[in-house]
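Good morning, and thank you for making time for this presentation.

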Amino acid sequence: MEMAIGFSCSVKPSCPLTLTRANPNSTKNSSSLCLAKELLGRSVSYSAAVKRHLHAPLASRHSTIKCSTSATEETAAVEKRSQSRTRRDVRNIAIVAHVDHGKTTLVDGMLKQSKVFRDNQFVQERIMDSNDLERERGITILSKNTSIRFKDTKINIIDTPGHSDFGGEVERILNMVEGVLLVVDSVEGPMPQTRFVLKKALEFGHAVVVVVNKIDRPSARPDYVINSTFELFIELNATDEQCDFQVIYASGIMGKAGLSSDNLADDLGPLFEAIVRCIPGPTIDKDGPLQMLVTNLEYDEHKGRIAIGRLHAGELQKGMDVKVCNSDESSCRYAKVSELFVYENFSRAPVQSVEAGDICAVCGISDIQIGETIADKVFGKPLPTIKVEEPTVKMSFSINTSPFVGREGKYVTSRNLRDRLYRELERNLAMKVDDGETADTFIVSGRGTLHITILIENMRREGYEFMVGPPKVINKKVNDKVLEPFEVATVEVPEVYMGPVVELLGKRRGQMFDMQGVGSEGTALVKYKIPTRGLLGLRNAILTASRGTAVLNTVFDSYGPWAGDISTRDQGSLVAFEGGTTTSYAQASAQERGQMFVGPGVEVYKGQIVGIHQRPGDLALNVCKKKAATNIRSNKEQTVILDTPLTYSLDDCIEYIQEDELVEVTPESIRMCKNPKLAKKK
């Protein structure tokens, strides 16, 4: 197996390419930064240098190329003298990337090539996306653990979500690993979520292996992607060692990887080699007192709550008495480990003991929480707790008050709703729940609309019935000034639809700061800094303006001054002013007023939103009106042609509703209605 080549090398006389990150506080290093940027600007020269090195004799490559994170003889000597040591037989890695850059597909290839499955075993695509909701939406929502063996090394792999709304999952998981595989699309390059996950990984001091994925795409531009990624490392103040990252070119769907974009191996061997060589093993204190930080939770009907984390020190044994610690000494308690598991291939394997450095699952502690430490019974001390960024969006949850309450749901009371929401907080650290103005209302705060929408979807599938209000941003007040959250929005759109999209973003108080073309596919990439308020309801509007061709990605940026009033919807709603069953006769006249959400033969109630008004302001109408019967025979029955009603998903409904409207969520139906409490105030 050939030695892989890093993007840049440490400063050595024999190194053919040197790129040093400048320290912004040092004038001495300013020339180095200029040199780095100059080299980045000359991607052709860089590519030529790499290719010359790739085609050099194998012996010379072994003598001159060295991954900066590989352990040297000097560091090995220091480790022997210290109490802690590094395990050489284990690697703990997280795979991070922007959404749709192919990390779950890449994990599929790694699992298949490491012989996790039988040759005749049927394996579906995106193996790690085991949740029904994940498979339906095509995104990763929850982080998953697995492991493979490469030669004599066990590689623990954690697949993480790519969407920015689930960034809390990524922040927790980085506590368990020593390095990350940063997967970047070979055409798009670094995207908003790429920046977020890389920033967190660098703050933890983790080693990074950059995987340029989807290299088989016709419009792939690997030189641009590597240059952009290196610039991103510099912007995020990475250390010189972190900037000296390893680059692997891969095609996850083909199961191939290589050291150059035009010379891929027949398998993912070069990727496995890079992981073993460039990701350091866990530093442990084998003989020290037991310490394990609980980073994730799972639940099993038979085993109860299962705590997952990496063992930092000591040895954990089945049946062992332990101390559960956190920052509050008074709440520390004692417990017993009933069962112990490690991750072997694609499942949990029971073991009698776990050595420090490995990732394991612990059963028997019924009240364990994320962020607590499972420690030695006598000398136990807590590890630093997990910190995640604050939520930016909130929504109100309340009991269902519509006339159809209790028809479809199993859990309809405020007590059911409260118990379920507070149970969600046990594993979802990025979410918050507060009591609302009334006893049957709760305020749920999350990292974004999708973050809360996934919770709503899971609850309705579990049999809950409730109502939710429109999303609102969480503002801050600093020095008597109101600050609101701003996000970086990246829109990839065909150039023919560029005008309407730019106009739409401008109306939402967005400020463009970058625009560039993307390859030969005729699309442009625009980047905006926009208030989070302006993003509410924007996705559907952009899809309409671009005929469904635009791709919108957002990530939280910072808090800034209040941007002013934003109008998110120009049209009103069509509201039913009496209950009953809709008729074709009534719909024929109603559809002249706008677009309908319901067809004939649908049961509706008073106050339900049945369509979109074509003008501003709401309009109450009767969609249950029947044709009057007379004793006069008509010569010809009039033919009624009805338009196909609009079908709105849960996400669409939440984006659509305004301040005085609610979404009624049941296991079988999603309806919109006017808020009766606000109607009474008027």
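Where in the protein is confidence lowest, and where is it highest? The model is predicted, so I begin with pLDDT, which is the predictor's confidence in each residue, from 0 to 100. Helix α3 (residues 58–64) has the lowest confidence, at a mean of 32, and strand β24 (residues 466–468) has the highest, at 94. Helices (H or I, at least four residues) and strands (E, at least two) are DSSP runs, numbered from the N terminus. For the protein, the mean pLDDT is 79, and 80% of the residues reach 70 or more. Residues 1–66 stay under 50, although the model has 91 contacts for them beyond four places in sequence; contact means heavy atoms within 4.5 Å. Residues 68–82 are also below 50.

Two conventions apply. Residues are numbered from 1 along each chain as its sequence is written, and side-chain values use heavy atoms, with hydrogens and water left out. As this is a predicted model, local features need pLDDT of at least 70 and side-chain atom pairs count only at pLDDT 80 or more, while totals for chains, interfaces and linings use all residues.

Buried means under 20% relative accessible area, exposed over 50%, and partly exposed in between (1.4 Å probe, protein chains only).

Rings of Phe, Tyr and Trp (its six-membered ring) pair if their centres lie within 6.5 Å; planes under 30 degrees apart count as stacked, over 60 as edge-to-face and the rest as tilted. The whole structure has 10 such pairs. One of them, F230 with F245, is tilted, at 6.3 Å centre to centre and 50° between the planes. Both F230 and F245 are buried.

Helix α11 (residues 269–278) is largely enclosed by the rest of the structure, because 9 of its 10 residues are buried.

What of the charged side chains? A salt bridge is a side-chain nitrogen of Lys or Arg within 4 Å of a carboxyl oxygen of Asp or Glu, and the search finds 30 of them. R348 forms one with E298, the closest N and O atoms being 2.5 Å apart. R348 lies in strand β17 (residues 347–350) and E298 in strand β11 (residues 291–300), so the bridge ties together parts 50 residues apart in sequence. The charged end of R348 also sits over the ring of F341, 5.8 Å from its centre; this requires NZ of Lys or CZ of Arg within 6 Å of the ring centre and within 35 degrees of the ring normal.

K529 likewise has two partners to show. Its charged end sits over the ring of F486, 5.7 Å from the centre, and its side chain meets D557 in a salt bridge (3.4 Å, N to O).

Finally, K674 and D618 form a salt bridge (2.6 Å, N to O). K674 counts as buried at 17% relative accessibility, whereas D618 is partly exposed at 41%. Salt bridges that share partners join D618, D660, E661 and K674 into one network.
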